[in-house]
Amino acid sequence: MADVANPLSIVSDLLAPVFADIAGRPDADPVVRPSDRADAQVNGALPLAKQMGTNPREVAQRVVDSGVLADVCSEVEIAGPGFINLTFTDTFLAAQLQSVALDDRLGCPPASTPRTVVVDYSAPNVAKEMHVGHLRSTVIGDALVRLHEFAGHRVIRENHIGDWGRPFGMLIEHLLDLGEDVAAEGLGQGDLDGFYKAANAKFNESTEFQERARDRVVLLQARDPETIEIWQRLVDMSNTYFQGVYSRLGVLLTDDDLAGESGYQPLMEGAYERLGKAGLLEENDGAQVVFAPGFTNRDNEPLPLIVRSSAGAFMYATSDLACVLDRIERLHADLLLYVIGAPQAQHLQMVFTVAEMAGWLRPPAEAVHIAFGSVLGDDRKMLRSRSGDSVKLSDLLDEAVERAAAAVAEKNPELDADTRAEVARTIGIGAVKYADLSNDRIKDYVFDWDRMLAFEGNTAPYLQYAHARICSIFRRAGADRIDLHGLAIVLGQPQERELAKRLLAYPTVVAETLAAYAPHKLCTYLFELAQDFSTFYEHCQVMQADEPVRSSRLALCDVTARTLEQGLGLLGIDAPEAM
RNA sequence: GCCCCAGUAGCUCAGUGGAUAGAGCAUCGGUUUCCUAAACCGUGUGUCGUAGGUUCGAUUCCUACCUGGGGCGCCA
């Protein structure tokens, strides 16, 4: 899937037959890479010469002598032990960028083989507060959903909420004790932790309450209609709260995406039976387990995946296995993404392995754990509030918007109140999301208000500001954006060239971001793009320039703005036209 | 004890087997009759955790070790 516009891909395609000819085999890679010494460098002559036992510079010379780069390069130079440094012609870059400008997808090709992708993310617990752990899953999952949809895949969002299990006996009884109206008030206002803690405290203090709670769990599991009705109300109240948070966060999750634990209860018996038929079940200390090779416990003995406890209950592993079956057989998914914290790695690997052993999960279908690290405070420990509790996600978002509002009020007092409030929301929420997405997801990251909300450095506000500045130019020029798409591009100044090269790299970056499920790659790119634009903006006057440079620069601005907006959009971040 | 992840500039972080390892922040200095100065320009900054190995070439791949974090059967 070569990028249509990226000069590096084009050069690679041009050189591939030359390398194949010299090597005498079809798969010799030219190894074309970006270079800080030229526009690109070709490294493939070195390994090829090694294989052939000849001089790398001679191989490089043969590549250069082929002349296939004459149309696109103004300079082709052999350097060092056998590198080939390339300088593209301005007209080549300009022509490529002009074709990108006419493309709504900015050069990104749709996936050649669309897949059905299930993204499992967010997963808060009913009657429990959403906290920063849910932030990571929700924000990363949302970005992956948007990226895969953009690439042309069929995406199914699944919010695997915790709406089933032992705690629900006590939660239902507590709800009944409070009276539904009182409970609804507390839960509706988002005091989920208060509700849960009160129920838990009662459970620890009162044996009478414990008995009621246990009885209630039995009723719940028996699907007693009255109990189910109360349970459903509890779930609904929490969902209302979750949807409020999702709405403020600006993620795509809706009620339609709910796929709670409870939904998999009826499927577990079937999954369990099929494990038995596949001959995978073994009894171990009274429990039914599957031994997956390669997993050991602390005594270095085989570690079982317990699918039915000695008491006869199904486990979360059973639920996860039923879930794999459901996604593959009912939804016909061939890519299962689990956006779940890194500590779950072993559990998920065991589930995946067992699903493979059972023959449910097999190529081309694959399951991938999209693991992520923790959010840390400035003490480098898990982020906690002053009271030592986990930080409520809603409090976090409140503070983000408040801080952004203060900044906007200070920096641009001319904005009217409504616009200012909307801009503050966009900047505050964008800053929180970008701070999360811009770090390699597998690593922990330090949560720092001042840094994420700064208008300098690798932050959402800096990118949003760059976009807003461009939009300001269009307003001043009275330009209709659509008219800019076909304008001829001429590249004279070095800052224009750098910007053009950066813009042409966008499709490659999007592809790499998807391939590694790594949103931070796109973030890094967008930051570099914004920097290149700022440099261009300082050095190259747009409005005052004579034609055809003025039109060309307007077109450069237009493609830059569209790339920033689309790129941020793929991350779930809005780009205001003024701020 | 076993397994997983991380370790790169004072701080926060990028880095695709390629040449001299890069950004941002912070420091210091400069730029505004000019499209948003929320910006830009300049300025130093390194035992890429340690030691081996593979390779023409290793921050990148492999092995061992060190440090930090996490996980390791009937909760989810």
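**The surface near the RNA**

Mentor: Happy to! Several elements each supply at least two residues of the surface near RNA strand B: strand 1 (32–34), helix 2 (45–52), strand 4 (83–88), strand 8 (287–296), strand 9 (302–308), strand 13 (445–446), helix 17 (460–477) and helix 21 (519–539). Keep in mind as we go that this is a predicted model. Helix 21 gives the largest share of that surface, with ten residues.

Altogether, 67 residues surround RNA strand B, and the closest are Arg 37, Lys 50, Asn 284, Phe 455 and Ser 472. Sorted by class, the surface holds 27 nonpolar, 22 polar and 18 charged residues.

Now turn to the RNA side. Among the atoms of RNA strand B within 4 Å of the protein, sugar or phosphate accounts for 57%, and the rest belong to bases.

Two of them involve the protein backbone and the bases: a backbone N or O atom of Asp 285 sits 2.9 Å from a base nitrogen of RNA strand B, and a polar backbone atom of Val 542 lies 3.2 Å from a base nitrogen of the RNA strand. With Asn 439, look at the side chain instead: one of its N or O atoms is 3.4 Å from a sugar or linking oxygen of RNA strand B.

How values were computed: Residues numbered from 1 in each chain as written. Chains lettered and ligands numbered in written order. Predicted model: local features only at pLDDT ≥ 70, side-chain atom pairs only at ≥ 80, totals over all residues. Heavy atoms only, no water. Near = heavy atom within 4 Å. Polar contact = N/O pair within 3.5 Å; in protein donor to acceptor, adjacent residues only side chain to side chain. Helix = DSSP H or I, 4+ residues; strand = E, 2+ residues; numbered from the N terminus. Nonpolar A, V, L, I, M, F, W, Y, C, P; charged D, E, K, R; others polar.
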